[in-house]
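This report describes one protein chain, going from its overall build to single residues. The sequence and the structure come first.

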Amino acid sequence: MFGRLSDSIGRTPLALVFSFGGAVAIVPLALALNDSWVSALFIDLAFLALTACVFSVLAAVMAERFPARMRASGIGIPYNVALSLFGGTAPFLLTWFASMGNESWYFVYLAALAFLVSLGFLGVARRGHYH
């Protein structure tokens, strides 16, 4: 469904929905979580819809960004560095913020990262590398 949508409106709009939508929605959706399974279901569905926006176009975007001779390194190295920096430190940061009584700061941190991703997508869109 999202792949078909990207065929009609382009990859960049879907990537921007993911990044800007995430930047705007992370904090309110995370703070809306409560003990209700219905609430959790709808919040999870909202996050899944945002994630589907980017994963529906990610393979094509990555394939277009790098020539075939360096595609594995061009995709793998930045992915693993980002995963180490942000994924590897996520449990530490969440625990640290929670120990200070400010768990919600973690979601602000995630929103800031999503906003930075948005700036990257905008820069690529302006240069016209993919549509």
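The chain holds seven helices and zero strands; helices (H or I, at least four residues) and strands (E, at least two) are DSSP runs, numbered from the N terminus. Along the sequence the pattern reads α-α-α-α-α-α-α. This is a predicted model, in which local features need pLDDT of at least 70 and side-chain atom pairs count only at pLDDT 80 or more, while totals for chains, interfaces and linings use all residues. Residues are numbered from 1 along each chain as its sequence is written, and side-chain values use heavy atoms, with hydrogens and water left out.

**The chain as a whole**

Taken along the principal axes, the C-alpha atoms fill a box of roughly 50 × 30 × 25 Å. Of the 131 residues in the chain, 25% are buried; buried means under 20% relative accessible area, exposed over 50%, and partly exposed in between (1.4 Å probe, protein chains only). The accessible surface of the chain comes to about 8300 Å², and 72% of this surface belongs to carbon and sulfur atoms. Such areas come from the Shrake-Rupley method with a 1.4 Å probe, and for residues only the protein chains shown count as cover.

Among contacts (heavy atoms within 4.5 Å) between residues at least 6 apart in sequence, 68% join residues at least 24 apart.

**The salt bridge**

How many salt bridges does a search of the whole structure find? It finds one, where a salt bridge is a side-chain nitrogen of Lys or Arg within 4 Å of a carboxyl oxygen of Asp or Glu. The partners are the side chains of Arg 11 and Glu 64, at 2.6 Å from N to O. This pair links distant parts of the chain, since Arg 11 is in helix α2 (residues 11-32) and Glu 64 is in helix α4 (residues 58-65), 53 residues apart.

**The nonpolar patch**

Trp 37, Val 38, Leu 41, Phe 42, Leu 45 and Leu 48 make a nonpolar surface patch of about 650 Å². A patch is made of residues with over 30% relative accessible area and no salt bridge; like charges are joined within 9 Å, and nonpolar side chains (Val, Leu, Ile, Met, Phe, Trp, Tyr) within 5 Å. Val 38 lies in helix α3 (residues 37-55), and Phe 42 has its place in helix α3 too.

Leu 94 belongs to helix α6 (residues 90-99). Neighbours within four places in sequence aside, Leu 94 is in contact with Glu 103 and Tyr 106. Val 17 is 77 residues from Leu 94 in sequence and 26 Å away in space, C-alpha to C-alpha.

The table lists the exposure of residues discussed above.

| Residue | Relative accessible area | Class |
|---|---|---|
| Glu 64 | 40% | partly exposed |
| Val 38 | 34% | partly exposed |
| Phe 42 | 54% | exposed |
| Leu 94 | 35% | partly exposed |
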